[in-house]
Amino acid sequence: MKELKASMAGTVLNVLVAEGEAVSAGQAVLTIESMKMEIPVEAETGGTVEKIHVEVGGFVNEEETLMTLGE
């Protein structure tokens, strides 16, 4: 399993995938707002979304786990 972590602190604007969905490397999976900028978060590798650890409107800290991807 691979953990996708936040590169910066911010608020989750939207989650673009669902648990159980297959994603490919480079695909945008959610968007974080930080300092009035919208930052897309992309999957580093392909896989299946095993668990989403955040919800829309929630605040995340830098290096916090956003979601877990399985093979």
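This is a predicted model: local features need pLDDT of at least 70, side-chain atom pairs count only at pLDDT 80 or more; totals for chains, interfaces and linings use all residues.
Thr 48 comes 10 residues away along the chain from Glu 38, and the C-alpha atoms of the two are separated by 24 Å.

On to the charged pairs. The structure has 2 salt bridges. One of them joins the side chains of Lys 2 and Glu 44, with a nitrogen-to-oxygen (N to O) distance of 3.4 Å. This pair ties together distant parts of the chain, 42 residues apart: Lys 2 belongs to strand E1 (residues 2-5), while Glu 44 is found in the loop between strand E5 (37-42) and strand E6 (47-52). As for how open the two ends are, Lys 2 is partly exposed, at a relative accessible area of 37%. Glu 44, on the other hand, counts as exposed because its relative accessibility is 52%, and the cut-off for that class is over 50%.

The side chains of Lys 5 and Glu 3 also meet in a salt bridge, here at 3.2 Å from N to O. What does the accessibility look like for this pair? Lys 5 has a relative accessibility of 34% and so counts as partly exposed. Glu 3 is likewise partly exposed, with a value of 43%.

Definitions and conventions
Residues are numbered from 1 along each chain as its sequence is written. Side-chain values use heavy atoms; hydrogens and water are left out. A salt bridge is a side-chain nitrogen of Lys or Arg within 4 Å of a carboxyl oxygen of Asp or Glu. Helices (H or I, at least four residues) and strands (E, at least two) are DSSP runs, numbered from the N terminus. Buried means under 20% relative accessible area, exposed over 50%, partly exposed in between (1.4 Å probe, protein chains only).
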